[in-house]
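Visitor: I have a model open and want to learn how to read it. Where do we start?

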Amino acid sequence: MDFLGNVTAALPAYWTPLWVTIGATVGGSLFALLVAFALGLMAGSRFLLLRGVARTVIEFFRGTSLVVQLFWFVVVLPLALQIRFDAVIVIAILALGMNYGAYAAEVVRGAIAAVPPGQLEACTALSFTYWQKMRLVVIPQAWPEMIPPLSTLAILLLKGSSLVSLVSLADLTFQAQVLGRRPDQEMLFHLGLILVVYFILSYLIATGMRFLERRAKRGLGQEPPKKSALARPVPVEVQSAAAAAVER
Amino acid sequence: MGWNWETAQELWPLLMEGLRILLLVTLISSLIALALGLVVALTDRSAPRAVTMPLFAVMEFIRNTPVLVQAVFVWTAVTMWLGTAASPMWTGAIVLGVHYASYTAEAYRAGIDGIPKGQWEAITALSLPKPRAWIAVLLPQALRRSTPALGNYVIALFKEVPILSAIGVTEMVRQVDGYAGLNYTGALEGFTIAGLIFLVVSYPVALLMRKLEKRLAN
């Protein structure tokens, strides 16, 4: 009958799973950002081969389901590498990073394509190399435009990290179901509790990304955005296509 | 443990059955998401703040928490309430539909916000009654703007149906998992083919949406 006592006693068991969720989200996001810039730059390249490779990888990961990719990575990676893979979290980070990285690549490509052509002409006039152009002119201007859609994607990635529980990685979602099944605990309470935790984590991501956006815009001397912390979701595919329309 | 065509052949009927359920759930969920999203977007425009504020909070909460946990939560709650196991397919379809309604509502809202100010002024100038203004003037323009985003959300929803395998919806992933659990093989073949099926179904629709988007942008 001592519901509160039982619950309080169970709470410390969430400590490690919380860090698994945070680790998968942060690790996945960083890897996704790397994938996004690599694929995004390739997809905007002059060379057909680079563009073709990037497009294939992007469409492949966007066209299939994250759940399928996760299971596929868990089954295939150990087979392909001929090793037993005990660190499921590494597979989880790879799968999350590739999937959301493919979406983010479109964001990167679109934002770069939306940089005014005069800027590129100026780079040519100054005979900048490709990397000078990208590093000094294009990316600093494209970056603030990327942040809102990337923020939406980071929150999607946090939500997607709950899927690692399906491949038996003990994250928040997994742990809540383990604890909830114990006879002295309430399943609904534990699920409700982690829903609130996920919401708080989403809020933290949104707040952090707004901070980054303000800083990036200030760096360009632009007006900082004024909206509330939990911004409206930016439909990612639409965003990139709108940017592509500007390009033409 | 390499690729085995016989296993793939054995898996095929299971995958097709999984695909049938997958498409069925997608259909039910999309209808819920498209209808409920519109209701939410219109309520957000016309209802008093006492209604829109809690509605906004609920939608934010649904949008910012994982659908997997939501599905398990609702399934557990409904099962407790009924006293017998709830239907995984219907529970899952409804949860996924409501989850995506929190996205489609924003797509509708963006479409309504994109209507030029002159249209609102014209409605006032003609003193059109509110229902007539929405049906004849505002919604046709808003829906046109929202369509590509809504289409993309339906594709995204389709790809998230396998999450419902967690509550026992027997779509493709669940079928492959079941087969692999019984036969200790087939995971490689099953998940590869399932992935390809996803690509074959979703890619043409995605291309269509992108075409539509470009046409509407001009």
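Guide: Start with secondary structure. Helices (H or I, at least four residues) and strands (E, at least two) are DSSP runs, numbered from the N terminus. Read along the sequence, chain B runs α-α-α-α-α-α-α-α. That is 8 helices and 0 strands.

Visitor: What should I keep in mind about the model and its labels?

Guide: This is a predicted model: local features need pLDDT of at least 70, side-chain atom pairs count only at pLDDT 80 or more, and totals for chains, interfaces and linings use all residues. Residues are numbered from 1 along each chain as its sequence is written, while chains are lettered from A and ligands numbered from 1 in the order in which they are written.

Visitor: How many residues of chain A are in contact with chain B?

Guide: Two residues are in contact if their C-beta atoms, placed from the backbone, lie within 7 Å. Here 38 residues of chain A meet 39 residues of chain B.

Visitor: What percentage of chain B counts as buried?

Guide: A buried residue has 20 or more other C-beta atoms within 10 Å of its own, with C-beta atoms placed from the backbone. In chain B, 42% of the 218 residues qualify. The C-alpha atoms of chain B fill a box of roughly 70 × 45 × 25 Å, taken along the principal axes.

Visitor: Which residues of chain A does UniProt list as "transmembrane region"?

Guide: UniProt annotations may be inferred rather than shown by experiment. The unreviewed entry lists 20–48, 60–81, 87–105 and 189–212 of chain A. Residues 87–105 of chain A are 95% helix, with end C-alpha atoms 27 Å apart.

Conventions:
Buried ≥ 20, exposed ≤ 12 C-beta atoms within 10 Å, placed from the backbone.
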